Amino acid sequence: MKIRKLLRSSILPIYGYFFFAFVYAPILLIVVFSFNSNPVNMMIWEDFTFDWYKTIFGFTSAATESALYLDSTDQLYAAVKNSLVVALVTTAVATVFGTALALAIARFRFRFKPFYRALMFMPMIMPDILLGIALLIFFVSVGIELSVFTIIIGHCTFLVSYVFIVVSARIADMDEALEEASADLGANSWVTFRRVTLPMIMPGVVGGALLAFIISMDDLVITYFIAGVDSQTLPVFIYGMLRRGIKPEINAIATIMLLFSLIIASVGLYMRARKA
Amino acid sequence: MVGRDTSQGRKMLSLLGLLAPPTVFLGVFFITPLAIMVIYSFLEPGLYGGVVWNFYDLNYGRILGWADTRYEKFDPVYLTIFLRSVRLALTTVLLSLVICYPAAFWISRMPQGRKNFFLFLITLPFFVSLVVRLFAWVLILRPTGFLNQALMEIGMIAEPLNLIFTDTAVVIGMTYVFIPFMFLPLYASIEKLDMSLVEASADLGATRLQTFRRIILPVTLPGIVGGSIIVFIPSLGNFIVPSVLGGAKVMMIGNLIEQQFLSARNWPFGSALGMMVMAAVLLLLMIYVRMMTREEEYSTAAKVKES
């Protein structure tokens, strides 16, 4: 009887650890095998090596001399650069637009509020591929050549919504009385905004910006349709590598990306935890 | 009076300043493209790509049953692909639900500190690049991959199994990448579950199954439905997962759309296929909203009765 009870109470934790193994094992696998020197079958462990990392950063090594895999590191660097440019510009634009809309809807009275709410909700319920093809049709029929610029526009269209939702949530938690007090004490609306509203919504704005940055860096579906031949981003580049056939350097690239996104995520989640 | 007017005017001006830039931007680059896509889905495809500006209902006809009778007979191949996508998306929803539910239950019963740590662990993969997470499954499932190597090493199999480029691989991949989407809404509703209700039900002699069906399931239903919708939407139109893990063998509606745009160059037909996906999503959301309002009415009615 005791044993049965023990068994019953430990089933859930055991399952829980399996669950986390399922979530994390595939990611760990990439990290571990990015140090495997076997150039023929990357899933058979041969020896520990940094060669694939060296290849990415442009150094040649014994393993890569014999089997040069990466077409050219230039393409990889260009993709990384494009991704960063897109993510930075998009984050700036989407954060400003999203915050502006959130403020307008929360603090002003006007007629078309339901329209704006629906507009902000749309990217959330629309499969990505639809926005991708709609933008492709639009750019081609208007005659705008596909480039980094079109990717930035595409990302802004849906990331405004993400910023809007995060900032709106923050404003909803805010005490409106403080703004009224500021106005009563004689501050004009700009001073009130600068000194009261903005500092209070700042955590929401930063959170929204961080989210926009991460999603922009990672977006594949929409970018895939509106990236020109010379304007691939990192996810599109890796997707292309996956389709052409898998080579050991992808492990190393993926591990570096993993590290990068984990740092950003930890910073973001740490900030949120501190706020609460 | 004058002062009031200027303050009103200034208020209007700030509102305009906040609204106008994003409105213009989204009007041009979001609403217009979507509207053009809707129009495109009713236009005749040009012979070598492009469109002819004639009304043409055969884009939808080819999908749903009335084809261009001059050249072709109706072939339900597109409908089959659409239905397969629905099936794979539903399987993904079900699998992620079954995987996440017990885990969410487990975490919701933890002390606060540990709970936060595990919730952090759940959200973390969401920040890891989608391609990277999919790539991991290519490494695991392909013939020379981790799973086959491991199974051959311990002598379970002699020949590598054909795991990648199957429906199962696609479902596993989609489930894996959408797990955080399912987990968080589920967790939110499971955490609200009052354990004293469960205990009361057991004290009153209900079996575990009865308690689950009568108490636990109804309380956590909003989370189940919410998570299912959030997983279903990106699964249905997905083309990345099937193209990486399904190859040429598993075609979903997303792949078909991609083909129409990037290789077949039949944009009107591709747009019509896209509209089909959108219609399916809208239908689902309508059912959801209907269900939720009915539930609300039901619960308010119950409260009125009580008082």
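1. In this predicted model, helix α7(A) is mostly covered, with 19 of its 25 residues buried. The helix comprises residues 148–172 of chain A and reaches 36 Å from its first C-alpha to its last, close to the 36 Å expected at 1.5 Å a residue.

2. The contact between the chains involves 58 residues of chain A and 63 residues of chain B. On the side of chain A that touches chain B, helix α1 (residues 2–33) of chain A gives the most, with eleven residues. The residues on this side of chain A comprise 51 nonpolar, six polar and one charged.

3. Chain B contains a hairpin formed by β1(B) and β2(B), with five residues between the two strands. Within the turn, B:Gly49 has a positive phi of about 80 degrees. Strand β1 (residues 43–45) of chain B and β2(B) run antiparallel and are joined by three bridges. As for individual pairs, B:Glu44 has B:Val52 of β2(B) as its bridge partner.

4. Is strand β2 (residues 51–55) of chain B largely in the open or buried? Of its five residues, the number buried is zero, so β2(B) lies largely in the open.

5. B:Phe117 belongs to helix α4 (residues 112–127) of chain B. This residue counts as exposed because it has 11 C-beta neighbours inside 10 Å, and the cut-off for an exposed residue is 12 or fewer. B:Phe117 and B:Ile107 are ten residues apart in sequence, and their C-alpha atoms are 9.8 Å apart in space.

Note on methods: Residues numbered from 1 in each chain as written. Chains lettered and ligands numbered in written order. Predicted model: local features only at pLDDT ≥ 70, side-chain atom pairs only at ≥ 80, totals over all residues. Contact = placed C-beta atoms within 7 Å. Helix = DSSP H or I, 4+ residues; strand = E, 2+ residues; numbered from the N terminus. Nonpolar A, V, L, I, M, F, W, Y, C, P; charged D, E, K, R; others polar. Expected span 1.5 Å × (residues − 1). Buried ≥ 20, exposed ≤ 12 C-beta atoms within 10 Å, placed from the backbone. Pairing = 2+ DSSP bridges.
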